[in-house]
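Me: Take one part of this model and go over it closely with me, neighbours included. I'd like the numbers and cut-offs along the way.

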Amino acid sequence: MTATDELRRLLDERGVKWRWDNGTATWYVDGVMYNAWGYDNERLTMSVCHLTPEQAVEATLGRGTCHDVFEVDAMSEDERIGEYVCSECGETFNDGHGESPHYCPNCGRRIEQ
């Protein structure tokens, strides 16, 4: 899998709509335009446009991490079903499979297990 393949997979995982044109992936988040293309098979080259200073720091240093808190709503023999609560933003979400997602769907922080 190339770096651009992995990028598109990760964007799909987060529900981000992207466009693929001439070897470049383009997507928008909060009015910021991101472009990425393959540098080699393992790395990307990116351009980011229309950033605020806060967004520039977030883009380069990240949003941080959070931990999920699993609250069981129901148990069955086949799977755990419950809600997760982000330890940072407090958003409650349910994936219906009893498995913790990798990123908070509200604040985007990576969920540490």
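Reply: Let's start with C49, which is partly exposed at a relative accessible area of 24%. The term covers what lies between buried (under 20% relative accessible area) and exposed (over 50%), with a 1.4 Å probe and protein chains only. C89 is partly exposed too, at 32%. As for disulfides, the structure holds 0, a disulfide being a pair of cysteine sulfur atoms within 2.5 Å.

Some ground rules: this is a predicted model, where local features need pLDDT of at least 70 and side-chain atom pairs count only at pLDDT 80 or more, while totals for chains, interfaces and linings use all residues. Residues are numbered from 1 along each chain as its sequence is written, and side-chain values use heavy atoms, with hydrogens and water left out.

Now the setting. The protein chain has 2 helices and 8 strands, in the pattern α-β-β-β-β-α-β-β-β-β along the sequence. Helices (H or I, at least four residues) and strands (E, at least two) are DSSP runs, numbered from the N terminus. Of its 113 residues, 22% count as buried.

The part to zoom in on is β4 (44-49). There's an open sheet of 4 strands, ordered β1-β2-β3-β4 with antiparallel pairing. β1 (18-21) and β4 are the edge strands, each pairing on one side only. From one strand to the next, the twist averages 20 degrees; axes are lines fitted to C-alpha atoms, and angles run from 0 to 180 degrees between N-to-C directions.

β4 pairs with β3 (residues 32-38) in the antiparallel sense over 6 bridges, where pairing takes at least two DSSP bridges. A hairpin of 5 residues joins β3 to β4. Across the pair, W37 stands opposite T45, and Y34 stands opposite V48.

V48 also belongs to a nonpolar surface patch with L44, M46 and L51, with about 280 Å² of accessible area together. Patch members have over 30% relative accessible area and no salt bridge, and nonpolar side chains (Val, Leu, Ile, Met, Phe, Trp, Tyr) are joined within 5 Å. A salt bridge would be a side-chain nitrogen of Lys or Arg within 4 Å of a carboxyl oxygen of Asp or Glu. Areas come from the Shrake-Rupley method with a 1.4 Å probe, with only the protein chains shown as cover for residues.

Finally, L51 sits in the loop between β4 and α2 (53-61), and counts as partly exposed because its relative accessibility is 31%.

Conventions. Patches are made of residues with over 30% relative accessible area and no salt bridge: like charges are joined within 9 Å, nonpolar side chains (Val, Leu, Ile, Met, Phe, Trp, Tyr) within 5 Å.
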